There are 4 protein chains.
Amino acid sequence: MFITLNYKSRTPICDQLCESIIQLAGCGVLASGDSLPSVRSLAQELGINPNTVQKSYRILEQQGILESIPGKGSFIARGDGARVTLRETGRKTLEAGIETALSRGLSPEEILQICESYLSNKKEGNAHD
Amino acid sequence: MFITLNYKSRTPICDQLCESIIQLAGCGVLASGDSLPSVRSLAQELGINPNTVQKSYRILEQQGILESIPGKGSFIARGDGARVTLRETGRKTLEAGIETALSRGLSPEEILQICESYLSNKKEGNAHD
Amino acid sequence: MFITLNYKSRTPICDQLCESIIQLAGCGVLASGDSLPSVRSLAQELGINPNTVQKSYRILEQQGILESIPGKGSFIARGDGARVTLRETGRKTLEAGIETALSRGLSPEEILQICESYLSNKKEGNAHD
Amino acid sequence: MFITLNYKSRTPICDQLCESIIQLAGCGVLASGDSLPSVRSLAQELGINPNTVQKSYRILEQQGILESIPGKGSFIARGDGARVTLRETGRKTLEAGIETALSRGLSPEEILQICESYLSNKKEGNAHD
DNA sequence: GTGGTCTAGACCACA
DNA sequence: GTGGTCTAGACCACA
């Protein structure tokens with residue numbers, strides 16, 4: 001598992017771990033049905049408390065991204081479950097961002113322009129910040 | 001002041017209050033130079049502790065949105081300070097939303113489409129969710 | 001009296017007034033023995049509370065810069081009193097600044113250099129900030 | 001932590017505490033990455049309220065001098081952040097002192113002389129006042 | 001254990 | 001009246 005945690009960050013470790021797994025699932029490194037490391041082994045690998053890994057797995061399970069089968073382990077949800085959930089949360093976060101921008105006084109035209117320039121910058125491989 | 005707080009939410013009350021004031025400033029209800037309710041009166045009106053209101057005011061002050069003058073009161077910052085800060089935070093939140101959507105597997109084209117449909121729905125006065 | 005007050009500043013009005021009078025005395029506009037406006041007239045001219053002017057005069061009196069003679073008015077202290085006091089407070093503030101700079105990790109050489117460049121910039125009539 | 005507070009002073013305790021920590025960071029007693037006492041323990045040691053210590057820590061955090069990590073503790077900022085901030089505030093305070101001295105009637109030459117003699121006295125280990 | 005939020009309430013300087 | 005400081009103490013999430 002290529003996961004790096006920032007132990008000095010203010011975002012809780014368990015949230016960082018959730019986000020990392022989501023990223024791996026979102027970009028296809030972890031595909032539907034793939035198994036994840038056991039709670040203990042991942043905890044050891046990352047040097048964090050097994051409770052923290054447990055918590056992250058449980059959160060992802062509640063979001064329909066993981067499936068934990070007692071005695072067998074944890075897996076990326078079968079079928080389209082994980083992918084659909086991911087896309088759905090992505091869309092919601094995006095819309096929340098648009099809503100915030102509107103409430104901060106940006107016009108719809110400006111918002112679209114920001115999106116376009118941000119995305120085209122991304123395509124060209126430029127770091128944006 | 002039309003402010004509603006969710007006392008059961010996990011987001012701190014002081015953050016909710018900041019957000020409410022930002023909304024009022026963003027949509028023009030509160031304009032540059034306008035005075036805000038006193039720490040005590042707003043606390044009483046909202047049924048929260050004066051310290052909490054003061055904390056919110058201080059956060060907004062540090063962001064350049066408010067000015068608090070001992071013995072006088074608190075005011076929306078003069079000049080463009082408030083407006084510029086608001087727009088800047090709006091832009092950053094929007095870009096963070098785009099970034100999240102990308103990491104969740106949405107394509108740039110989909111993202112643009114979501115923006116466009118969300119904004120056009122807004123224009124027509126439809127609630128989106 | 002060429003005094004401008006910033007009513008929106010966080011520094012108390014009475015302190016601003018003291019500082020203004022000190023400036024006028026320091027640069028020679030107000031000389032030893034000169035009379036100051038009465039408490040009431042200055043208060044009216046500046047649009048502030050007479051108590052505030054009263055307080056400023058009292059503070060300057062305690063510093064040996066003013067002399068108030070009941071029934072006659074207030075004057076810049078006779079003899080060298082005002083000038084000596086001003087220079088003395090100037091020197092102390094300067095030394096406090098040096099002390100702070102040292103405690104913040106600046107070397108004596110750096111401090112001297114900052115002084116020299118700051119003063120030469122002043123001479124050339126350049127605004128420094 | 002060798003910190004002494006003046007509970008009778010007019011300068012707020014939280015500001016005194018900030019200044020003390022800044023001094024310790026400025027002179028190298030506290031280095032980049034060093035951990036500070038916990039909010040509670042320092043409060044108890046100094047006989048003040050934990051809220052006051054927290055306030056000081058937050059102020060220093062906003063200045064880029066500290067990092068507070070929930071559940072972990074508070075630390076002097078990594079990298080050059082703390083040092084740069086300290087030096088910058090030191091320079092500004094020094095320049096403000098020079099400005100005040102000028103407005104009090106001291107000439108540039110006198111100001112330079114005061115700096116030189118003050119600093120050379122320091123070098124010889126003489127207390128200046 | 002750690003920092004963070006919040007309440008209740010006293011007291012201060014300033015206007 | 002206004003905002004600012006401080007105390008005392010409860011409760012929370014996180015490690």
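Modeller: Let us start with D:Leu66, whose bridge partner in E2(D) is D:Ile76. The model is a predicted one, in which local features need pLDDT of at least 70 and side-chain atom pairs count only at pLDDT 80 or more, while totals for chains, interfaces and linings use all residues. Residues are numbered from 1 along each chain as its sequence is written, and chains are lettered from A and ligands numbered from 1 in the order in which they are written.

The bridge at D:Leu66 belongs to an antiparallel pairing in which four bridges join strand E1 (residues 66–69) of chain D to E2(D). Two strands are said to pair if DSSP finds at least two bridges between them, and strands (E, at least two residues), like helices (H or I, at least four), are DSSP runs numbered from the N terminus. Three residues separate E1(D) from E2(D) in a hairpin, and in its turn D:Gly71 has a positive phi of about 85 degrees.

The open sheet has three strands in the order E1-E3-E2 (chain B), paired antiparallel. Strand E1 (35–36) and strand E2 (66–69) of chain B are at its edges with a single partner strand each, so one side of each has no neighbour in the sheet.

The turn of the hairpin leads us to the DNA. D:Gly71 is among the closest of the 27 residues that surround DNA strand F, together with B:Ser38, D:Pro12, D:Ile13 and D:Asn49; a residue is near a strand if its C-beta atom, placed from the backbone, lies within 6 Å of it. By class, this surface holds 11 nonpolar, 14 polar and two charged residues, where Ala, Val, Leu, Ile, Met, Phe, Trp, Tyr, Cys and Pro count as nonpolar, Asp, Glu, Lys and Arg as charged, and the others, Gly among them, as polar.

Around DNA strand E there are 28 residues, and B:Gly71 and D:Ser38 are among the closest. Strand E2 (73–76) of chain D is one of the elements giving two or more residues to that surface, while H3(D) provides the largest share, four residues.

Finally, chain D meets chain C. In this contact (C-beta atoms, placed from the backbone, within 7 Å), 30 residues of chain D touch 29 of chain C. H4(D) gives the most to that side of chain D, with 15 residues.

How values were computed. Contact = placed C-beta atoms within 7 Å.
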